[in-house]
Amino acid sequence: MSTILEVKNLTRRFGGLVAVNSVNFTVNEGEILSIIGPNGAGKSTLFKLISSFLKTSGGEVIFKGEKISNLSPHVVARKGIVRTFQETTIFRSMTTRENIIVAHHLRAKASLSGYFWGSAKARRDEALFADSADEIITFLGMEPIADELASNLPQGNLRALGIAIGLATKPEILLLDEPFAGMNHDETMHMVDLVRNVQKERGVTIMLVEHDMPAVMKISDRIVVINFGEKIAEGTPAEIRNNEKVIEAYLGSEDDAIGI
Amino acid sequence: MNTKKWLLTLVFLLIVLVGVPWAINASGRWDFYYTLTSVALLSIASAGVWLTFYIGRINIGQGAYTLIGGYASAILVTQLGVNFWLTLPLAGLACAIISVFIGLPILRLRGVYFAMVTLVLTEVARLTALALPITNGAKGIVSIPLPAELSLFGLTIIPDFATLENPKLAFYIAAVIMMVLCYAALYRIVNSRLGHLCRSLQQNEELSASIGVNTAYLRVIAYSISSFMGGVAGASFVSISQSIYPSTFQVVDSVNFMLNCFLGGLGYVLGPMLGTLMLYFGWDLLFTMGKYQLLIYSSLIILLIVLLPNGILSLPLFNKRGGGPK
Ligand SMILES: Nc1ncnc2c1ncn2[C@@H]1O[C@H](COP(=O)(O)OP(=O)(O)OP(=O)(O)O)[C@@H](O)[C@H]1O
Ligand SMILES: [Mg+2]
C-alpha cells in the first residue's frame, strides 16, 4: 500500500487557542480513514487545513510527494483533494442535477469564452458533464429527486447530494465532514454502503470525520483519534476500541459516547 | 433559444425599430426619441449591475464607470480626434481594465461591505474628474462633435450624424441596437455554463471554490464585463448630450441602476431593461406632482419592493409562458 497523503507536524492556532497541535499521520491510497474525537477537538479544522481553506500555523501537508498546504483552495481541489462540508452545503437554488453538473468544473476543458461562444470543446464538455451527472445520479439512486430543487430536499438526501457533488469532481481523496449527521439508523447504514461503494468501485481514498461510532467502526479501515488538537491514538477499529486513552477522552466528555 | 423566443425577439425588434418611430412620427412627440434613447442606454448600464448581482454582489458603483466611459470617449474625440464609434469599445475597455484593479481587492468583500465600497466609488470618480486637468474640472468638456462617419474599405457603415436630417432617430436606432446586443450577450452568459458558474458563486462561494472554481477570477471577469457595459453606456450618453461634467453621473444614478435591477427582477435577464423603462417613465410622469415628486416616487419604489420582492417580471402575467422573450 502506498502513501497518498502525509500530514506532518500540522499546527493551527486561533489567537491563543491551538486548534490543531503538531499532528502527524499518513493516509494510504484507497483506504477509508476516519478522524474521530470529542466536539471541538479540531477535526473540521484539520480538514480545512488539508483542503487549504485555512492557512497553517506550522507543519505541512504532502500529497503524492508534493507540498500542498497554503495553496489556494481551488488549486488543491484541482490536484484531486475535495472536501464536503460539516454544514450541509449545496447550491440551494439549483436542482439535484444542476448541482452535480456544475460540480464537474474540475474536468472542464473549454475556456470561459469558449462557453460563451459555444465552442466545440465547450459542447463536448457539456455533453460529458450531463452524461456523467446521469451516471452519478443512477449510482447513488437519486433518480426520483434528480429534478427537485435542492432547497426542497430532506436532510438525508442533502448529505447524499453533498457526496454526489464530491464525486463529480472525480477526486483522488474525498474529505467527508460528518456525512451521517442528522440521519436515522437506516439512512446511516445506507450511506455507509454508499461510501464503501465509492471507495471500492471508484477507487477514491476517503477521509471522514464522524461522531456516529457504530458507523465509524463499520466503515473505517483505520481510525485517527484527536483530542484538544492532538493525536492521541491511531489504529484499526479493533485497536481503537480497546485503547485506554481513547476511552478516557470519550468518558471525559459528556455528550459523546463511543458506543462500544 | 426555441422558436417561440426567436419569434418574441423578432416582434420586440419590429416594435422598437419600426413601431416606435412610426408612432413618434404620427404623434409628433419628437422628444420621445431622447427619452427612449436614454432608457436604452441606461438599461445597458443596469444590465451590467444586474450581472454583478448575478454573482452575489450588490453593486452601487456603476455611476463611476459610466462617468469614466463618458470622459474616456469625450477626451479621445475632442483631444485626439478619434472617431466616436471607435471610442465606444475603447471606453468600455478602459472601464473593464480599471475595474480589474478596483475589483481585485474589493470583490473579496461581501454583502453590505461590498455595497458600501462601491457606493463610494462614484463619488471618488466625480472628485477625480473635478480635480484632473485633462477632464477640465467643473467646467467639463463641452461642444463634443456628433458621431462622425464610420467607413470600412471606403464603404460607409454609419453616416456622419451631423449631416443627418434627423440625428435623434439615428441615436435612437444606434442605442436600441446596442441595447439588443448587450442583452443578447447577457442572455448567452446566463444560459451557458458561465451563468451556471455565476449562480454557483451567488449561492455558495465556499463550495464553489471546493469544486475547483477559481472564484476570485470569475468574480473579476463578471465585474469587468459589468463595467464594460457601464463604460459603453456612459460614452454613448455623452455623445448625445455633447457634453460631460463631473456631475453627469452621480451617486443617485448608481442607486438608480441598482433599483432598476431590483424592480425589474434579479432573476430575469430582461429585468433591468423593464426596470429602467418603468423607473424612467415613472419619474417623468410624476413630474406634475411638483415638490411631492420625490416623495411619491420613493414611496412607490418601497411599496413595489415590498410587494414584489422578486421584481415586476415575477408577476404571473409574465410567467404563464415561462420567462421573458430573451
Ligand atoms: N475560525 C475560527 N476562529 C477561532 N476559533 C476557531 C475557528 N474555527 C474553529 N475554532 C476553534 O477551534 C477548535 C476546534 O474546532 P473544530 O471545528 O475543528 O472542532 P471539531 O472537532 O470539528 O468539532 P465538532 O465535532 O463539534 O465539529 C474549537 O475550539 C473551535 O472553537
Ligand atoms: Mg467539526
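The side chains of A:Glu234 and A:Arg222 come together in a salt bridge, with 2.8 Å from N to O. This pair joins distant parts of the chain, since A:Glu234 lies in strand β10 (residues 230-235) of chain A and A:Arg222 in strand β9 (residues 222-227) of chain A, twelve residues apart. The two partners fall into separate accessibility classes: A:Arg222 has a relative accessible area of 16% and is therefore buried, while A:Glu234, at 31% relative accessibility, counts as partly exposed. Both residues also belong to a network of salt bridges that links A:Glu31, A:Arg222, A:Lys231 and A:Glu234. The structure described here is a predicted model, and the values quoted should be read with that in mind.

### Salt bridges within the chains

Over all chains the count comes to 14 salt bridges. One of them pairs A:Arg97 with A:Asp134, whose closest N and O atoms are 3.2 Å apart. In chain B, the side chains of B:Asp31 and B:Arg29 meet in a salt bridge at 3.2 Å, N to O; B:Asp31 is partly exposed with a relative accessible area of 39%, and B:Arg29 is partly exposed at 42% relative accessibility.

| A:Glu234 | A:Arg222 | 2.8 Å |

The domain assignment of chain A gives domain 1, made of 1-77 + 202-260, and domain 2, made of 81-170. The C-alpha centres of domain 1 of chain A and domain 2 of chain A are 27 Å apart. Between these domains, twelve residues of domain 1 of chain A are in contact with ten residues of domain 2 of chain A, and the buried area is about 930 Å², with carbon and sulfur atoms giving 60% of it.

On the domain 1 side that touches domain 2 of chain A, α1 (43-50) and α2 of chain A each supply at least two residues, and α1(A) gives the largest share, four residues. By class, that side of domain 1 of chain A divides into eight nonpolar, two polar and two charged residues.

### The interface between chain A and chain B

The size of an interface is often given as the accessible area lost when the parts come together. For chain A and chain B the buried area is about 2,400 Å², of which carbon and sulfur atoms give 68%. A:Phe91, A:Leu112 and A:Phe116 supply 28% of the area that chain A buries against chain B, more than any other three residues. In terms of contacts, 30 residues of chain A are in contact with 24 residues of chain B.

The count of salt bridges between chain A and chain B is zero, whereas nine residue pairs, with both residues at pLDDT 80 or more, are in polar contact across the interface. On the side of chain A that touches chain B, α2 (73-79), β6 (81-83), α3 (96-102), α4 (112-117) and α5 (120-139) of chain A each supply at least two residues. That side of chain A has 18 nonpolar, seven polar and five charged residues.

### Two buried residues

A:His104 is placed in the loop between α3 and α4 of chain A, and at 0% relative accessibility A:His104 counts as buried. Apart from its neighbours within four places in sequence, A:His104 is in contact with A:Phe129, A:Ser132, A:Ala133, A:Ile136, A:Ala168 and, from the other chain, B:Arg193.

In chain B, B:Leu76 belongs to helix α3 (residues 62-80). With a relative accessible area of 19%, B:Leu76 is buried, because the class takes in values under 20%. Leaving aside neighbours within four places in sequence, B:Leu76 is in contact with B:Gly81, B:Val82, B:Thr87 and B:Leu90. The C-alpha atoms of B:Leu76 and B:Leu86, ten residues apart along the chain, are separated by 9.3 Å.

Conventions:
Residues are numbered from 1 along each chain as its sequence is written. Chains are lettered from A and ligands numbered from 1 in the order in which they are written. This is a predicted model: local features need pLDDT of at least 70, side-chain atom pairs count only at pLDDT 80 or more; totals for chains, interfaces and linings use all residues. Side-chain values use heavy atoms; hydrogens and water are left out. Contact means heavy atoms within 4.5 Å. Buried area is the accessible area (1.4 Å probe) that two parts lose on being put together, summed over both. A salt bridge is a side-chain nitrogen of Lys or Arg within 4 Å of a carboxyl oxygen of Asp or Glu. A polar contact is a pair of N or O atoms within 3.5 Å; within protein, one must be able to donate a hydrogen and the other to accept it, and residues adjacent in sequence count only if both atoms are side-chain atoms. Ala, Val, Leu, Ile, Met, Phe, Trp, Tyr, Cys and Pro count as nonpolar, Asp, Glu, Lys and Arg as charged, and the others, Gly among them, as polar. Domain bounds come from an automatic or database domain assignment. Buried means under 20% relative accessible area, exposed over 50%, partly exposed in between (1.4 Å probe, protein chains only).
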